[in-house]
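Good morning, and thank you for making the time.

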Amino acid sequence: MLTLDCKHLKNFIGPHEYLAVKPQIEHAHKFLHSEDSFGDNIGWVSLPKNYNVLEFEKILKVSKKIQEDSDIFVVVGIGGSYIGARAAIEFLKSDLYNNLPKNTPDIYFVGNSASASSLSDVLELCKGKRISLNVISKSGTTTEPAIAFSIFKEFMEKNYGKEHARSRIYCTTDVEDGDLKSIADENGYDTFVIPKNIGGRFSVLTAVGLLPIAVSGADISELMRGATCAYDDLLKEDIEKNQCYKYAAIRNILYKKAKQIEVMAFFEPRFSFLGKWVEQLFGESEGKDHKGIFPTSMIFSTDLHSMGQFIQDGSKNIFETILFVNHVGKDITIKGDNQLKSLNFLEGKTMNWINKKMFESTAIAHSDGFVPTIVLHARDAFEATLGYIFYFLEKACAISSLIMGVNPFDQPGVESYKKNMFALLGKAGYESIKEILDKRLDKN
Ligand code: PA5
């Protein structure tokens, strides 16, 4: 379902360099597959094989109910608690999912910023509509979704009455800890569990991603089937037999050659949120201890007309991973046009064929311009392939971070901003901002 193509790397990496990184990869593999590695954080590794079937069936049942009784499904969450679901819905359906005719609810994602204006717009859209709400937070304490949830909860209770609102609010959170779990218990909301041993950015194949994805009408059984195939395919330690590990090895070899930025490029606008998911996964996992490859994502050919110049000719600290999907679905054939004569050389060609030629020429141009270019060919844009892609990239990220010597599963940097924010907002139990500033002065 996903194939690694290294043909553009020959001038950048020699066979001996792969040999050198092999032992580290094998070590990282053992670490990831041993039960006690980072104790609580590797539940996602075996998830495709041992997910909770009862919970999965409940997701299918509830998603059907939401499809039947709702015009709009509002998903409240931030970071790993929303990006994967949005990426999947756009990848499988469309980035214009809400605007296209369909028999499933519109889906809006809120609580992923502190923007009053964006929240107000969604509230406006919800007026007079049948709403269901899914609030997702593993910790149950994150500020942005907490604000959005309290506003939407009030909106729904006002519109439906407390009793009826209760039957339309679904909480996805920890099995026992956090404010959200307590609120769900107090109000009798239906809940879905985020396993303790799966962190936010690795949770797309849990209820976090699966409920919203199922509401969009996508086939989550197929998604899990693809992830299971990836689990089976990516078990071998040897990088020559494991494309995921080879990709992790390539990233690290290039990083050691001062390639500090990875551009993940796609050739379809509807894959742009998958790019956001990749940015979060790799950025939050790998970027720590003053190390890491800076992940960014682009949509070609759109961005070839803006950032393409920099990639081709700018600083040579970039490498590129193109995730090209071979069969994307819809296609359009170009007709001859008497007026637009400059286009006639494309008469009879399809847009998907043209897009493929653009991909091939870009890969050649960029690697000729000293930008090492890795290609991941995905078979199609269906659920099973996406499940495969999610699992492949999660594992590549974990292996890559481990051989770089960082813990992929924490995010201490995010806590620093939160500490300052709570101080500024005057939250009880946090140092005041004056205390924080005084400490900084003392240090200097
Ligand atoms: O990957 C992560 O752990 C983070 O991005 C979290 O998903 C994000 O901070 C949201 O956290 P929570 O689900 O606890 O609200």
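A residue counts as near a molecule or strand if one of its heavy atoms lies within 4 Å of it. With that in mind, please note that this is a predicted model, in which local features need pLDDT of at least 70, side-chain atom pairs count only at pLDDT 80 or more, and totals for chains, interfaces and linings use all residues. Residues are numbered from 1 along each chain as its sequence is written, and side-chain values use heavy atoms, with hydrogens and water left out.

Let me start at the ligand. There are 13 residues around it, and those that come nearest are S81, S137, S139, T142 and Q280. By class, this shell holds one nonpolar, nine polar and three charged residues. Here Ala, Val, Leu, Ile, Met, Phe, Trp, Tyr, Cys and Pro count as nonpolar, Asp, Glu, Lys and Arg as charged, and the others, Gly among them, as polar.

An N or O atom in the side chain of T142 is 2.5 Å from a ligand oxygen, and a polar side-chain atom of S81 lies 2.6 Å from an oxygen atom of the ligand. R201 contributes through its backbone, where a polar atom is 2.9 Å from a ligand oxygen. The ligand taken alone exposes 380 Å², of which the protein buries 88%; these areas come from the Shrake-Rupley method with a 1.4 Å probe, and for residues only the protein chains shown count as cover.

I turn now to the sheets. Helices (H or I, at least four residues) and strands (E, at least two) are DSSP runs, numbered from the N terminus, and two strands pair if DSSP finds at least two bridges between them.

Strand β2 (residues 72-76) pairs with β3 over five bridges in the parallel sense, and V75 stands opposite F109 in β3.

The axes of α3 and helix α10 (residues 220-233) come within 11 Å and cross at roughly 145°. F56, I59 and L60 of α3 meet I220, S221 and M224 of α10.

The other open sheet also has five strands, ordered β1-β10-β9-β7-β8, and its pairing is mixed. Its edge strands are β1 (2-5) and β8 (294-299). Strands β9 (residues 318-327) and β10 (residues 373-380) pair in the parallel sense over seven bridges, with L323 opposite L376 in β10. Helix α14 (residues 351-368) lies across β9 and β10, at about 160° to β9.

Finally, two backbone details. Most residues other than glycine have a negative phi, and most peptide bonds are trans. A258, in the loop between α11 (243-256) and β7 (261-266), has a positive phi of about 70°. A cis peptide bond joins F300 and S301, with omega about 5°.

How values were computed. A polar contact is a pair of N or O atoms within 3.5 Å; within protein, one must be able to donate a hydrogen and the other to accept it, and residues adjacent in sequence count only if both atoms are side-chain atoms. Contact means heavy atoms within 4.5 Å. Axes are lines fitted to C-alpha atoms, for helices over the stretch in contact, and angles run from 0 to 180 degrees between N-to-C directions.
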